[in-house]
Amino acid sequence: MTSNTARTRFRRGFTALTLVLAALALGAPARAAMPLTPPPDHVVVDLVTVNGSGCPEGTAAVSLSQDATAFTVTYSAYLARVGPGAHATEFRRNCQLGLRVHVPQGFTYAVAKADYRGYASLARGARAVEQASYYFQGATPTARMRHDFTGPYDGDWQKTDSVGVAALAWARCGAFRDLNINTELRVARGTSRATATSLISMDSTDTSFSTLYHLAWKRC
């Protein structure tokens, strides 16, 4: 699949984009302009690096949607747990993705929204956290977006990172800078029984999970 030195390249055509009316602040701002539909050309998304205990080699993949409104990251081994049989380090899992988005000249992009889903099983008194940060290479990381869970909890979960449209910040025009996405899962025993097992995962019943990152576009 993908190693730290390998790249997975996806080329797709574009159709009209329905803008998402929420935005996640990223990277360095470009000149003021209104968001619009994707450019009528090809885009390339390179998965440059995959690092972390939540995404060992061969367990994460990225693909671009056909209409260029989003890209998806799929995991198959992203799980944090505590309890009998769990290693002392398993309470925390993380994954850092380095993605290079190549766009046609005269356009730039921002991540408008990020959707996360997974599964959690938390004993009464246990706690869990899913959090993420996003930044372009050479820029200051954004504040972490954090979502908390408390036990008892047993079922699927879905969370969205988004802020107002006015807060959009864009990749610098004409520069190919890696987009870094850092995610993390944590679980804590809290006041639950020492014999109880608690876990949280970015993983579905078919052993894979897709995180969807929505893109917005504008002219430079």
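**Salt bridges and their network**

Analyst: The count of salt bridges comes to four, the rule being a side-chain nitrogen of Lys or Arg within 4 Å of a carboxyl oxygen of Asp or Glu. This is a predicted model, in which local features need pLDDT of at least 70 and side-chain atom pairs count only at pLDDT 80 or more, whereas totals for chains, interfaces and linings use all residues. Residues are numbered from 1 along each chain as its sequence is written, and side-chain values use heavy atoms, with hydrogens and water left out.

User: What makes Arg 92, Glu 184 and Arg 186 a network?

Analyst: Glu 184 and Arg 186 also meet through their side chains in a salt bridge, at 2.2 Å from N to O. Salt bridges that share partners join Arg 92, Glu 184 and Arg 186 into one network. A further salt bridge is formed by the side chains of Arg 146 and Asp 148, at 2.9 Å, N to O.

User: How do you know whether Glu 184 is buried or exposed?

Analyst: Buried means under 20% relative accessible area, exposed means over 50%, and partly exposed lies in between (1.4 Å probe, protein chains only). Glu 184 has a relative accessible area of 4%, so Glu 184 is buried. Arg 92 is at 29% and therefore counts as partly exposed; Arg 186, at 34%, counts as partly exposed. Asp 148, with 48%, is partly exposed.

**Rings and core**

User: What makes Phe 149 and Tyr 153 an edge-to-face pair?

Analyst: Rings of Phe, Tyr and Trp (its six-membered ring) pair if their centres lie within 6.5 Å; planes under 30 degrees apart count as stacked, over 60 as edge-to-face and the rest as tilted. The structure holds six aromatic pairs. In the pair of Phe 149 and Tyr 153, the ring centres are 6.1 Å apart and the planes stand at 80°, so the pair is edge-to-face. Phe 149 is buried, at 5% relative accessible area, while Tyr 153 is partly exposed, at 27%. Ring pairs also link Phe 71, Tyr 116, Tyr 134 and Tyr 213 into a cluster.

User: What is meant by a nonpolar core, and which residues have the most contacts inside the largest one?

Analyst: A nonpolar core is a set of buried Ala, Val, Leu, Ile, Met, Phe, Trp, Tyr and Cys residues joined through side-chain atoms within 4.5 Å. The largest has 43 residues, and those with the most contacts inside it are Phe 71, Tyr 75, Tyr 109, Tyr 116, Ile 200 and Tyr 213. Strand β7 (residues 107–122) supplies the largest share of this core, seven residues. Contact means heavy atoms within 4.5 Å. Beyond four places in sequence, Phe 71 touches residues including Val 62, Leu 99, Ile 181 and Tyr 213.

**Individual residues**

User: Why is His 214 called buried, and what joins the side chains of His 214 and Asp 115?

Analyst: His 214 has a relative accessible area of 13%, and is therefore buried. His 214 is placed in strand β13 (residues 209–219). A polar contact of 2.7 Å joins the side chains of His 214 and Asp 115. The term denotes a pair of N or O atoms within 3.5 Å; within protein, one must be able to donate a hydrogen and the other to accept it, and residues adjacent in sequence count only if both atoms are side-chain atoms.

User: Why is Phe 91 called partly exposed?

Analyst: The relative accessibility of Phe 91 is 34%, so Phe 91 counts as partly exposed. Phe 91 lies in the loop between β5 (79–82) and β6 (92–102).

**Confidence**

User: What is the mean pLDDT of the protein chain?

Analyst: The mean pLDDT, the predictor's confidence in each residue from 0 to 100, is 74 for the protein chain, and 69% of its residues reach 70 or more. Over residues 204–208, pLDDT stays under 50.

Terms used. Helices (H or I, at least four residues) and strands (E, at least two) are DSSP runs, numbered from the N terminus.
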